[in-house]
Amino acid sequence: MATPSFSIILSLLLIIGVGISQSEARAFFVFGDSLVDSGNNNYLATTARADSPPYGIDYPTRRATGRFSNGYNIPDIISQQIGSSESPLPYLSPALTGQRLLVGANFASAGIGILNDTGIQFINIIRMPQQLDYFRQYQRRVSGLIGEASTQRLVNQALVLMTLGGNDFVNNYFLVPNSARSRQFSIPDYVPFLIREYRKILMNVYNLGARRVIVTGTGPLGCVPAELAQRSRNGECSPELQQAAALFNPQLMQMLQGLNRELGSNVFIAANTQQMHTNFITNPQAYGFITSKVACCGQGPYNGLGLCTPLSNLCPNRDVYAFWDPFHPSERANKIIVQQIMSGTTEYMNPMNLSTILAMDSQA
Ligand SMILES: *[C@@H]1O[C@H](CO)[C@@H](O)[C@H](O)[C@H]1NC(C)=O
Ligand SMILES: *[C@@H]1O[C@H](CO)[C@@H](O)[C@H](O)[C@H]1NC(C)=O
């Protein structure tokens, strides 16, 4: 009798198929600033946006999407690495409905920081309390689709990426000389204040169900083309901003280790983006870049002044530039960073890299 064995094979295939689609269906949530915004600000009245050319010039559609990159950004490349069917859509995108919600969502918004008053000059951006409110709203919407218990499982099993902090220096403390914040705090006092506020945000993310959260530090803030253009006489990194990053990143890592101890679980994974960037900034040629000082798109010294616009200088080959615009890495630099996130040693990923996380969680 051919029919029963056929149906047995069929049901075996179905079981295997369901197993695969469940393990592939790990949701991905993104919170933070322009380094990880995939287009939320397109829907807002703000000047912090990347929705006109030449942004997106190397993206598959060759169109500006709101990503602050010539092509893919870090969340895109992580999505590809973890086998998602697509990069999570911006939460404000009208296309984020139905089954697509199960892939995850990107809540990030260019210009925001740990503090609510960071990026005030950008007016209408999604600050962290609002990103977390949207995450609550997201969970209510998904509950309507698949029920509360499945929604909680989806969130518990998801991967989360948090990228915050750079703007609290660049678009707050150092925004103008003698800023209100810099009169309130010295840098050695400001950093612990930021870390305490960041800790509250991370506990909120945990309380909303996140159990695997990659937290990136800042890059070497003083070395980006914008700071070289504004603060550097002969191309050396800005010492004040370098000092800020050098204090912030280790204290962030300590705070994350403390949280994990308190929670009794490695929920928070520190990504040492400072070291990842420093590698190709100090030795660009070793990574196939011709420069790490000059932005591909911009104007003025180091192409570091103002914004990247259709009128800016534009380099012909984006792959040989570490910086795409005055603040943001090129797609190729983003790929190098994600490679370290995936398989870096504990110097880069603490307590473990993403491939180890994926292997552990698939056995759980
Ligand atoms: C930021 O705003 C939220 C809610 O609007 C508030 O709960 C929080 O305390 C504020 N953070 C700071 C540092 O003022
Ligand atoms: C990171 O990932 C690689 C696999 O790509 C693994 O071989 C390596 O041991 C991991 N390193 C650490 C320190 O976890």
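Predicted model: local features only at pLDDT ≥ 70, side-chain atom pairs only at ≥ 80, totals over all residues.
Helix α7, covering residues 187-207, packs against helix α9, covering residues 239-263, at an angle of about 35°, and the axes of the two helices lie 9 Å apart. The crossing of α7 past α9 is right-handed. On the α7 side the contact includes Ile187, Val191, Ile195, Tyr198 and Leu202, and among the residues that these and others meet in α9 are Ala244, Leu247, Phe248, Gln251 and Met255. The residues of this contact comprise 16 nonpolar, two polar and one charged.

Helix α9 has 25 residues, which at 1.5 Å a residue should span 36 Å, and this agrees with the 36 Å that separates its end C-alpha atoms. Within α9, Leu241, Ala244, Ala245, Phe248, Asn249, Leu252 and Leu256 are buried. The cover over these buried residues of α9 includes α5, α7, β4, α8, β5 and α10. Just after α9, Gly264 adopts a positive phi of about 70°.

Most residues other than glycine have a negative phi, and most peptide bonds are trans. Against this background, the peptide bond from Pro53 to Pro54 is cis, with omega near 5°, and Pro54 belongs to the loop between β1 and α2. Another cis peptide bond, with omega about 5°, joins Asn350 and Pro351, the latter lying in the loop between β8 and α12.

Arg62, which is not a glycine, has a positive phi of about 60° and is found in the loop between β1 and α2; Arg62 counts as exposed because it has 11 C-beta neighbours inside 10 Å. Asn178, in the loop between α5 and α6, likewise has a positive phi, near 60°, and with 6 C-beta neighbours inside 10 Å Asn178 also counts as exposed.

Notes
Residues numbered from 1 in each chain as written. Chains lettered and ligands numbered in written order. Axes fitted to C-alpha atoms, helices over the stretch in contact; angles between N-to-C directions. Helix = DSSP H or I, 4+ residues; strand = E, 2+ residues; numbered from the N terminus. Left-handed = near helix turned anticlockwise from the far one by under 90°. Contact = placed C-beta atoms within 7 Å. Nonpolar A, V, L, I, M, F, W, Y, C, P; charged D, E, K, R; others polar. Expected span 1.5 Å × (residues − 1). Buried ≥ 20, exposed ≤ 12 C-beta atoms within 10 Å, placed from the backbone.
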